[in-house]
Amino acid sequence: MRWQNRRLSDNVEDRRGSGGGGGGGIRNLGIGGVIIIVVLALITKQSPTQLLSKVSQSTGTNTAQESSQTVTNASDEESRFASSVLANTEDVWTELFKEMHKEYQAPKMVLFSDVDQSGCGTAQAAMGPFYCPADDRVYLDLSFFNEMETRFKVVGDFSKAYVIAHEVGHHIQNLLGISRKVQAMRSQLSEKEYNKLSVQLELQADFLAGVWAHHAQRMDSILDPGDIEEALNAASAVGDDKLQEAANGRVVPDAFTHGTSAQRMRWFKKGFETGDIKQGDTFNAGNL
């Protein structure tokens, strides 16, 4: 992927540890504070992250935000990569929203280490990257990219770009009101029924990541040979069927929340091949 020497986004908050610019979450409690949180967790039978979230909310502060810094050309390569990809999504979606006679409002991206606070609650590295509609931010612990290589055997810059573009896809869904419609139906549906909606939402985000790739290539020629295969490998690696089989030795379709490997690959590929946002209605598709 050709990302070097391109514009960096102004919408990245680097909240990583002191080495990367900004401690956050549990780091700011100090050793004594950590011990207190662990003891309280044992007494109250709550998780340390739940208590950490309550402490942050009760004090009305978010020290991670206060110590964040901007990614610049002097930053490390991983943060510059994430910032460059985010900048490219900004360029693409700004143009596409203009074509829809809308104004694109770019999300911010928060780079954190281990634990941080989001508008949707505690962010943990174990959760993987996610988008929070409450504060319009993508949360990313860059160590996830190492996990992609070691755990999922997925390599290549464009596989990482796909991950970021997928989360930005959720932001697009939020801006277009799609996420709110799905969330509003949660209380009306059984878990099995809502899981189907969740799969459709996730597959649409994969489709939107493909739409971004289509227009990023048209506008900036960002792709090298093999890049689309890298993205498809990433989509395949995080399919519900593969993850369930690896974790439990069996596949439970009713528990799917993101779609199978084949579905995720199919919708990303459709977005890339068409570049047409109108063709991504996963909610009314006869065949996912």
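Start by selecting strand 4 (121-124), strand 5 (130-132), helix 5 (143-150), helix 6 (157-175), helix 7 (178-184), helix 8 (191-220), helix 9 (227-237) and helix 10 (240-248): each supplies at least two residues of the lining of the largest pocket. Helices here are DSSP runs of H or I with at least four residues, strands are runs of E with at least two, and both are numbered from the N terminus. Before you go on: this is a predicted model, where local features need pLDDT of at least 70 and side-chain atom pairs pLDDT 80 or more, while totals for chains, interfaces and linings use all residues. Residues count from 1 along each chain as its sequence is written, and side-chain values use heavy atoms, with hydrogens and water left out.

Now colour helix 6, which gives the most to this lining, with seven residues. Next, show Pro 129, Phe 130, His 170, Glu 202 and His 258; of the 42 lining residues, they lie nearest the centre of the largest pocket. (A pocket is an open set of points on a 1 Å grid over the protein atoms alone, where a 1.4 Å probe fits, with protein on both sides within 12 Å along at least five of seven lines; lining residues have an atom within 4 Å of a point.) The space inside is about 1200 Å³, a volume being what probe spheres set on the points fill, with points joined across faces, edges and corners.

Move on to the second largest pocket, with about 300 Å³ of space. Pick out Ile 178, Gln 204, Gly 280, Asp 281 and Phe 283, which lie nearest its centre among 16 lining residues. Helix 7 and helix 8 are the elements giving two or more residues to this lining, and helix 8 gives the most, with four.
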